[in-house]
Amino acid sequence: MSASAEATVLITHEVGLHARPSVKFTKLAKTFSAEVEVALAANGPWFDAKSIVKVMAAKAPKGTLLHIRAKGDGAGEAVGALVELVRRDFDEGADHVRTA
Amino acid sequence: MSNVGIVIVSHSPLVAEGTADMVRQMVGDEVPLAWCGGNGHGGLGTSVEAIMGAIDKAWSEAGVAILVDLGGAETNSEMAVELIGEPRAQKIIVCNAPIVEGAVMAATEASGGGSLKEVVATAHELSPS
């Protein structure tokens, strides 16, 4: 049996998923063994969340509803952690201490 | 497991150091990193000796990826690898990628424990083939 998880999260960070946030997002995704993918729309296209080149190339701006899905070991934790990172505005900016 | 190291070689020490700053600030400290640039007399250029020193500084058993800017940086880097010789030379690759973007992308891949081949492939994804 293989675990899977999926979630959506609104990008509220002022510059969106640009260079620095992309690096943080990708690095966090890489800490999980599950296969993790992201998309800018529910019907895709899905791309590898562990690929810095693909994540940065997506240029997801502020206001994008980011779709995140994972498959395999720790899928739920991976999606949960990535959603939290986006919610925290990638731990950047004045309001990164805001709690849910 | 050690992470792949990144070496930045530019004709300008300011470009090399600035690129290294971007890697440090955007990716972090978990990747061995070194830079060199300039001809040693305050001018633009690259030095085989300085490149060898940078490779030593960023050395990792997992290998080292070198990001270069223009022509001479690439040929001097290749010469440095040749002078270092085997067995280390086979673990050093000069990337064909833009220096700043390549360094940040390669370091991101390296920070996640990617192999030398994966790190270089990530940098190469940026180059029009």
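Student: In which hand does α2(B) pass α3(B) in a crossing, right or left?

Tutor: This is a predicted model. In it, the axes of helix α2 (residues 48-57) of chain B and helix α3 (residues 71-84) of chain B come within 9 Å and cross at roughly 65 degrees. The crossing of α2(B) past α3(B) is right-handed.

Student: How many charged residues has the contact of α2(B) with α3(B)?

Tutor: From α2(B), the residues B:Val48, B:Ile51, B:Met52 and B:Ile55 take part. They meet residues of α3(B), including B:Asn76, B:Ser77 and B:Leu83. By class, this contact has 8 nonpolar and 2 polar residues, and the number of charged ones is given as no charged residues.

Student: Which helix gives the largest share of the side of chain B that touches chain A?

Tutor: Between the chains, 11 residues of chain B are in contact with 9 residues of chain A. A share of 5 residues on the chain B side, the largest, comes from residues 99-111, which form helix α4 of chain B. By class, that side has 5 nonpolar, 4 polar and 2 charged residues. The helix asked for is α4 of chain B.

Student: Which residue in β4(A) does A:Glu37 stand opposite?

Tutor: Strand β2 (residues 35-39) of chain A runs antiparallel to strand β4 (residues 65-71) of chain A, and 5 bridges join them. Opposite A:Glu37 stands A:Arg69.

Student: And which residue in β3(A) stands opposite A:Val38?

Tutor: β2(A) is also joined by 2 bridges to strand β3 (residues 47-48) of chain A, again antiparallel. The residue in β3(A) opposite A:Val38 is A:Phe47.

How values were computed: Residues numbered from 1 in each chain as written. Chains lettered and ligands numbered in written order. Predicted model: local features only at pLDDT ≥ 70, side-chain atom pairs only at ≥ 80, totals over all residues. Contact = placed C-beta atoms within 7 Å. Helix = DSSP H or I, 4+ residues; strand = E, 2+ residues; numbered from the N terminus. Nonpolar A, V, L, I, M, F, W, Y, C, P; charged D, E, K, R; others polar. Pairing = 2+ DSSP bridges. Axes fitted to C-alpha atoms, helices over the stretch in contact; angles between N-to-C directions. Left-handed = near helix turned anticlockwise from the far one by under 90°.
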